[in-house]
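Subject: Structure for your review

Dear colleague,

Please find below the structure that we discussed, together with its sequence. I would be grateful if you could read the notes that follow with the structure open beside them.

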Amino acid sequence: DVTVGPPTPRVRGDLCSDAIPLTAGTAYMGTMAGAEDDYDTTCGYHYNDLIHSFTLAAASDVTLDVNAGSAYMNASIRSACTNSASQVRCVSGGPLHARVRDLAAGTYYVVLEAPRAGNYTANLTVTSPPVVPTPVTGNDACGGAVVIPPTGGYWSGTTVGMLDDYQTATCGNMAQSPDVAFRLDLPA
């Protein structure tokens with residue numbers, strides 16, 4: 001037997017036209033239940049997705065944290081909701097953390113996808129004006145390492161022209177490439 005009835009309404013945020021706003025400093029608690037796979041991400045698969053949006057009045061540093069317990073999720077931050085080529089960051093994880101430095105003023109969309117329905121919490125942090133990086137040079141080896149202060153920091157530089165001093169980066173499959181050094185002293 002086949003019965004045809006009126007269409008089931010989509011859940012809020014299932015389409016770009018109904019994106020759920022994210023407000024900096026305010027946690028959003030939602031669920032992926034009822035979401036359908038409408039958009040693709042470059043860091044994920046064809047999972048069900050929900051769309052969030054946020055607007056920046058000025059250039060800012062943006063951090064997005066999404067926690068669904070141990071559930072694995074993907075998040076694509078982009079300037080045009082339906083166009084994955086406008087993506088500025090795509091991350092995966094459970095929980096996941098995405099940071100974008102110096103994001104221009106404008107409206108952005110977050111395509112959030114997961115392989116199964118479940119609850120999640122999304123937090124958006126906006127820092128304006130964006131942090132300006134400190135240029136560094138001369139840190140080719142540990143003897144000239146740039147010291148990271150207890151307050152942290154943000155640096156810019158290059159490995160162009162540097163030597164391959166350290167070949168023990170097990171997370172880089174013992175990569176052999178130019179490197180630079182930083183030093184972090186932990187008092188406790």
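A residue is called buried when its relative accessible area is under 20%, exposed when that area is over 50%, and partly exposed in between. Please keep in mind that this is a predicted model.

A disulfide links Cys 43 with Cys 90, with 2.0 Å from S to S. Cys 43 is located in the loop between β2 (28-31) and β3 (48-56), whereas Cys 90 belongs to strand β6, so this pair ties together parts that lie 47 residues apart in sequence. The angle about the S-S bond is -65°, and the link is left-handed. Cys 90 has a relative accessibility of 19%, so it counts as buried.

In total, the count comes to two disulfides. The other pair is Cys 16 and Cys 81, whose sulfur atoms are 1.9 Å apart. Cys 16 sits in the segment before β1 (20-21) and Cys 81 in the loop between β5 and β6 (87-93), so parts that are 65 residues apart in sequence are tied together. This link is also left-handed, with -80° about the S-S bond, and both Cys 16 and Cys 81 are buried. When the bonded cysteines are numbered in sequence order, the pairing reads 1-3, 2-4.

A further cysteine, Cys 142, has a relative accessible area of 54% and is therefore exposed.

Is Ser 76 buried or exposed? Its relative accessible area is 0%, so Ser 76 is buried. Ser 76 lies in strand β5, which covers residues 73-78. Its side chain makes a polar contact of 2.6 Å with the side chain of Gln 87, and another polar contact, of 3.1 Å, joins it to the side chain of Arg 78. Leaving out residues up to four places away in sequence, Ser 76 touches several others, among them Thr 41, Cys 90 and Tyr 109.

Asp 102 is found in strand β7 (residues 96-103). Its relative accessibility is 52%, so Asp 102 counts as exposed. Beyond its neighbours within four places in sequence, Asp 102 is in contact with Ala 59, Ser 60, Asp 61 and Pro 130. The C-alpha atoms of Asp 102 and Ala 58 are 9.5 Å apart, and these residues are separated by 44 residues along the chain.

Yours sincerely

How values were computed. Residues are numbered from 1 along each chain as its sequence is written. This is a predicted model: local features need pLDDT of at least 70, side-chain atom pairs count only at pLDDT 80 or more; totals for chains, interfaces and linings use all residues. Side-chain values use heavy atoms; hydrogens and water are left out. Helices (H or I, at least four residues) and strands (E, at least two) are DSSP runs, numbered from the N terminus. Buried means under 20% relative accessible area, exposed over 50%, partly exposed in between (1.4 Å probe, protein chains only). A polar contact is a pair of N or O atoms within 3.5 Å; within protein, one must be able to donate a hydrogen and the other to accept it, and residues adjacent in sequence count only if both atoms are side-chain atoms. Contact means heavy atoms within 4.5 Å. A disulfide is a pair of cysteine sulfur atoms within 2.5 Å.
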